[in-house]
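Please read the numbered points beside the sequence and the coordinates.

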Amino acid sequence: MKALILVGGYGTRLRPLTLSCPKPLVEFGNKPMLLHQLEALSEAGVKHIILAVSYRAEQMEKELKNVEEKLGVKISISLESEPLGTAGPLALASKYLTVDNDPFFVLNSDVICEFPFKEMIQFHKHHGKEGTIIVTKVEEPSKYGVVVYDAETGKINRFVEKPQEYVSNKINAGLYIFSPSMLNRIELKPTSIEKEVFPAMAKDGHLYAMELQGFWMDVGQPKDFLTGMCMYLTSLRQKNPGCLYQGPGVVGNVLVDPSAQIGKNCRIGPNVTIGPNVVIEDGVCMKKCTVLNGAHIKSHSWLETCIIGWKCVIGRWVRMENVSVLGEDVSVNDELYVNGGRILPHKAISDSVPDPQIIM
């Protein structure tokens, strides 16, 4: 089987992290975001994975060379010379997807969940039509486009964009499986699969919905990245509790790379991910944070709801909160307050940032 992953975007929502690294390679749960999907696809028997890329293709290709060998899959790059939306990349990669008549997966690269690829194959083969999309339940359907479908068969009737009155609480989760015949519906030009292709497929009775079990999050922006991390760590505890960190001062779900150093009298957690080569000095308090490779948090600092970029240095007695995000190699002086700051790479912060703002 084959899979196409849509990784074409510039990752603007996840800046400043994506100014240093393509979004699919930003570490989520201590491994590149994309690797979660690649591992799950490999486990489901997918042997050829195509990445639809328009940005930093060379860096992506270089980073994924060792992943090919490790997972025993072939990874090809389908390079867009212009952004082709969410459907155009399927037409561009059709030479890979039509080699045989097997169905193929299509995924949005931002999505994190317990990927139900084996169940998707069974469901898709059972109904025998052109397409299956995974749907997930949300609390506030009015913020999304919702999917209206037959609860028994899964056959999709229509899509409603941001409904003001309740029609459904299920949304498109960005995971699909298609039969090759659906490619006849797509031309090689910028096209939206959600707005142009899916409604036509549903009208022809060729699109079915399968409901996702367990958690789901689009982690393409910092607030959702951190919420998704909480969900992912809860899922890890249920499936593999031994991989979570146990130690003095640890509260709740905490994932720590073995090379990280944590000082005395710290309070870490709940919902913290600490990457490789991170140094956390004595007396640090931290909750709902991701700390990336090589960062250094000095003594008695207090961090809540933050993403700390690669090789950052946080001074002593610093307080950071409210979805503050530091790009690569940022230094924050002692005794400062950062409230919702987005700080671009290679900056030195010598004054407090009391209000949410971008520091360029």
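**Note on the predicted model**

1. Of the 360 residues of the chain, 55% count as buried, where buried means under 20% relative accessible area, exposed over 50%, and partly exposed in between (1.4 Å probe, protein chains only). This is a predicted model, in which local features need pLDDT of at least 70 and side-chain atom pairs count only at pLDDT 80 or more, while totals for chains, interfaces and linings use all residues. Residues are numbered from 1 along each chain as its sequence is written, and side-chain values use heavy atoms, with hydrogens and water left out.

2. The chain has 7 helices and 29 strands; these are DSSP runs numbered from the N terminus, helices being H or I of at least four residues and strands E of at least two. The radius of gyration is 21 Å, which agrees with the value near 21 Å for a compact globule of 360 residues. That radius is taken over C-alpha atoms, and the globule rule is 2.2 Å times the number of residues to the power 0.38. Along its principal axes the C-alpha trace spans about 60 × 45 × 40 Å.

3. Helix α5 (residues 117–127) deserves attention. Its buried residues are Phe117, Met120, Ile121, His124 and His127. Seen down the axis of α5, these fall within an arc of 145°, so they line one face of the helix; the arc is that of the directions from the helix axis to the C-beta atoms. The face turned away from the buried side carries the exposed residues Gln122, Lys125 and His126.

4. Against which elements do the buried residues of α5 pack? They pack against α1 (33–43), β6 (104–108), β8 (131–137), β11 (170–178) and β12 (207–211), a contact meaning heavy atoms within 4.5 Å. Glycine 128, with a positive phi near 70°, follows α5.

5. Two cis peptide bonds may be checked in the model. One joins arginine 15 and proline 16, with omega about 10°; proline 16 is in the loop between β1 (2–6) and β2 (27–28). Another joins glycine 269 and proline 270, with omega about 0°; proline 270 is in the loop between β16 (267–268) and β17 (272–274).

6. Positive phi values also occur at residues other than glycine. Lysine 288, in strand β19 (residues 285–291), has a phi of about 50° and is partly exposed, at 26% relative accessible area. Threonine 305, in strand β21 (residues 302–308), has a phi near 55° and counts as buried at 15% relative accessibility.
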